[in-house]
Amino acid sequence: MLARTPPMGWNTWNTFGHNIDETLIVETAHAMRETGLHAAGYEYVVIDDVWQAPQRDAAGALPPDPDRFGGGIRPIAATVHDLELKLGIYSCAGTHTCAELPASFGHEARDAAMFASWEVDFLKYDFCHVPPGASGPALYRKMGQALRSTGRDIVFSVCEWGVHEPWLWGGAVGAHMWRTTPDIFDVWDSIVDIGFTRQAPLHPYAGPGRWNDPDMLVVGMYGQGNVGRGGCTDAEYRSHFSLWCLLAAPLMIGCDVRSLSAATRDILLNTEAIAVDQDPLGRQGWRLGATYHAEERAEVWAKPLAHGDIAVGMFNLGSSDDRLIQVSWESIGLPPDQPCLVRDLWAHDDVGVLTNAAEARVAAHDVAMLRITPTPR
């Protein structure tokens, strides 16, 4: 099964937008090996929009931009594969991409065969410039069928921003993940809207091979790049990453991995949090509840894990520091007297064996992320 767990990797768009070329892709692939990102599970190197030439050739094929990708895409794929990584590419269900370059409407079979011949492993398929009256699900079904007909394993990422509720039909058209929201920006309010607000009702629709996608990570961007909007603090990035792991979301890095800060490295390489995202049970977490006091907001999210463990995130979304947040065993389906080993996944330390409840003091916009393991009575 493709995408048995949520895909992990890196995408050009958040930082570089239109400023991409083959050198960037190759340097990034090497950096993913050198920084330990590949060892932590990040494997896809995805080239987003603006790799294309301004127009198709006389035969109807879509060549890469001769200046940015003059050596072609297949040699890049070969280099990426030699590094034990996988290559992703971008197209669009409309006549043109969001950057006004040729897209795949009416060329689905040709383009899918071309991507397969380049040995591409992942396709992000956008939704700009769709002809009036065209059915979004039908267009995605057509590309899904075209990809399957190539005989190559290609992860199919639907990116129509949740317009037609793709969680209801994405799996049926051959998609492995589907965007549930508009684009994310590097600002706390965007993380709260896209992650905490919009994802809460979607947990029934995710599972192995079919993932809700709340968009790429902005961890480590610090207000720079294509989607920079003032930036976030390290605490906010930690909350962002924790929630995406609890959501079993695809983890697609958006910052420049060639120059990671120490704090960004600690977040993106938190293998204990990543294990929650990649848990083989494949359940998406859900919000247990939210509390408000003097306009301050706290939320608790839980995600069942394989072998009976439960991951919990206790988030202080308000501006007050050191808010005490608690999760009771009953709220996560455990008997109150059940002894549980509680581990703090950011401190990388065992809290101890507790019964009835766990609690933590959480700073503003920060998180306490716990792994709760029932133990013998």
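Predicted model: local features only at pLDDT ≥ 70, side-chain atom pairs only at ≥ 80, totals over all residues.
1. A residue counts as buried when its relative accessible area is under 20%. On that basis Cys128 is buried, because its relative accessible area is 15%.

2. The structure holds one disulfide. Its partners are Cys98 and Cys128, whose sulfur atoms lie 2.0 Å apart. The bond links distant parts of the chain: Cys98 sits in the loop between β3 and α5 (108-117), while Cys128 sits in the loop between β4 (122-126) and α6 (136-149), 30 residues apart. The link is right-handed, with 90 degrees about the S-S bond. In contrast to Cys128, which is buried, Cys98 counts as partly exposed, at 34% relative accessibility.

3. Cys159 is buried, with a relative accessible area of 1%. For Cys255, the closest cysteine sulfur belongs to Cys232, at 13 Å, so the distance is again too far for a bond. Cys255 is likewise buried, at 3% relative accessibility.

4. An open sheet is formed by eight strands, in the order β7-β6-β5-β4-β3-β2-β1-β8, and their pairing is parallel.

5. Strands of a sheet pair through backbone hydrogen bonds, either parallel or antiparallel.

6. Helix α4 (residues 73-82) lies across β2 and β3 and runs at about 145 degrees to β3. Its buried residues are Ile73, Ile76, Ala77 and Val80. These residues cover an arc of only 100 degrees around the axis, which puts them on the same side of α4. An α-helix has 3.6 residues a turn, so residues three or four places apart point the same way. The cover over the buried residues of α4 includes α2 (22-34), β2 (44-46) and β3 (86-92). Just after the helix, Glu84 takes a positive phi of about 65 degrees.

7. Strand β10 (residues 296-304) is mostly covered, with nine of its nine residues buried. Both of its faces are covered: one side carries Glu296, Ala298, Val300, Ala302 and Pro304, and the other carries Arg297, Glu299, Trp301 and Lys303. In a regular strand the side chains alternate between the two faces of the sheet.

8. β10 pairs with strand β11 (residues 310-316) in the antiparallel sense, over seven bridges. Pro304 has Ile310 in β11 as its bridge partner. The two strands, β10 and β11, form a hairpin with five residues between them, and in the turn His307 has a positive phi of about 70 degrees.

Key
Residues numbered from 1 in each chain as written. Heavy atoms only, no water. Buried < 20%, exposed > 50% of the residue type's maximum accessible area, 1.4 Å probe, protein only. Helix = DSSP H or I, 4+ residues; strand = E, 2+ residues; numbered from the N terminus. Arc of directions from axis to C-beta. Contact = heavy atoms within 4.5 Å. Pairing = 2+ DSSP bridges. Disulfide = S-S within 2.5 Å. Axes fitted to C-alpha atoms, helices over the stretch in contact; angles between N-to-C directions.
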